[in-house]
Amino acid sequence: MKRIALLVLGISLFIGGASAQVVYNFKSKSVNQDSIKVGNAFVRHDILNHLNIGLNLGSSGVGIDVQSSITKYVGVRAGIDYMPRFNSTIDFGLQAYKGDGSFNTDLDRMQEFMKTLTGYEVDQEVSIIGQPTMVNFKFLVDIYPWADKPWHVTAGFYCGSAKIAKAVNSIVEMPTLLAVGIYNQFYDRSMSDYFIDNPIFGNNYLSPDVVMQLRDRMESMGRMGIHMGDYEIYDENGKRALFPYMMEPGDDGLVKADVFVNKFKPYVGIGYNGSLPKNKKIKIGFDLGAMMWGGTPKVITHDGVDLAQDVINVRGRVGDYVDVISAFKVYPVLNFKISYNIF
């Protein structure tokens with residue numbers, strides 16, 4: 001009986017193992033067949049059957065991306081565009097303005113007084129250097145209406161930093177701006193009761209008569225700043241008046257401004273992407289479209305004024321830039337591109 005039991009057990013184990021092997025082989029064969037079917041479908045419909053690496057140069061900056069196809073009618077691209085950091089210098093004249101909005105044109109006298117007060121030579125102009133700061137990740141979908149033609153319609157998005165440009169005074173202007181800051185602080189104290197309530201040193205105070213004389217003199221000269229534009233002011237009768245916006249140095253002694261747009265910027269456009277006749281692995285083309293800024297860009301100065309919204313008559317080349325970006329809610333994109341087929 002023991003031998004028969006062992007024989008039965010051995011046969012059972014053998015049959016079970018064989019059955020498991022048959023099931024395993026059957027499942028493996030099924031998986032392999034499914035994989036082959038999927039692979040054939042990818043090849044038949046040109047899905048992810050090639051990979052290109054591309055470079056572009058144009059109004060969105062210098063870019064690099066990778067490209068592949070979803071079908072023979074649809075391709076995708078993803079990459080980074082970087083705007084090179086070139087400088088553009090703009091000069092602004094310093095002006096003295098009074099409490100009633102009028103200007104003091106005797107700048108020579110102002111320069112002499114400020115040299116005596118601060119010890120710094122003061123220029124009559126200040127140079128501000130503008131610089132683009134735009135960096136974006138991009139994801140674009142190309143639709144080819146004709147599978148055998150290189151023309152495409154594109155939709156997608158750019159996403160990056162909200163600040164796309166900045167402007168700040170040049171280093172050589174620091175003595176002038178420091179002198180302006182010191183002078184304006186002295187002006188504010190002279191026009192208030194500061195010199196009446198506080199000693200000039202130790203327990204020594206200026207007499208009220210001297211304070212009044214100083215106040216009259218400072219009032220006749222006015223504050224110093226850069227006339228960037230004008231505020232619109234309306235009285236209770238609806239009568240319109242203009243009052244100058246004077247940009248003055250901040251607490252750090254600088255004058256600066258930044259340009260802001262939405263971080264997420266949808267894109268639509270058209271393009272061309274054709275192979276070279278003698279080398280099918282190399283393609284050249286272009287993109288022409290519009291990047292949606294999401295409204296008028298904000299041009300914010302260091303003291304919080306939006307030059308595109310809060311003031312009018314913005315002066316000089318800055319005014320030209322502000323007028324352009326205020327008129328267009330989109331950023332025009334024209335890029336030339338070249339790509340190489342890896343596989």
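What is the volume of the largest cavity? In this predicted model, the largest cavity has a volume of about 80 Å³.

Residues are numbered from 1 along each chain as the sequence is written, and side-chain values use heavy atoms, with hydrogens and water left out. Because the model is predicted, local features need pLDDT of at least 70 and side-chain atom pairs count only at pLDDT 80 or more, while totals for chains, interfaces and linings use all residues.

A cavity is a set of points, on a 1 Å grid over the protein atoms alone, where a 1.4 Å probe fits but cannot get out; lining residues have an atom within 4 Å of a point. Grid points are joined across faces, edges and corners, and a volume is the space filled by probe spheres set on the points.

| Cavity | Volume | Lining by class |
|---|---|---|
| Largest | about 80 Å³ | four nonpolar, four polar, five charged |

Of the 13 residues lining the largest cavity, N56, D65, R77, K138 and D287 lie nearest its centre. Two or more lining residues come from each of β1 (52–58), β2 (61–71), β7 (135–143) and β16 (330–341); strands are DSSP runs (E, at least two residues) and helices likewise (H or I, at least four), numbered from the N terminus. Strand β1 supplies the largest share, three residues.

The second largest cavity is lined by L94, L107, M110, Q111, M114, V122, D123, Q124 and M224. Helix α2 (residues 107–118) gives the most to this lining, with four residues.

In the classes tabulated above, Ala, Val, Leu, Ile, Met, Phe, Trp, Tyr, Cys and Pro count as nonpolar, Asp, Glu, Lys and Arg as charged, and the others, Gly among them, as polar.

Definitions and conventions
1 Å grid on protein atoms, 1.4 Å probe; cavity = no way out; pocket = protein on both sides within 12 Å on 5 of 7 lines; lining within 4 Å.
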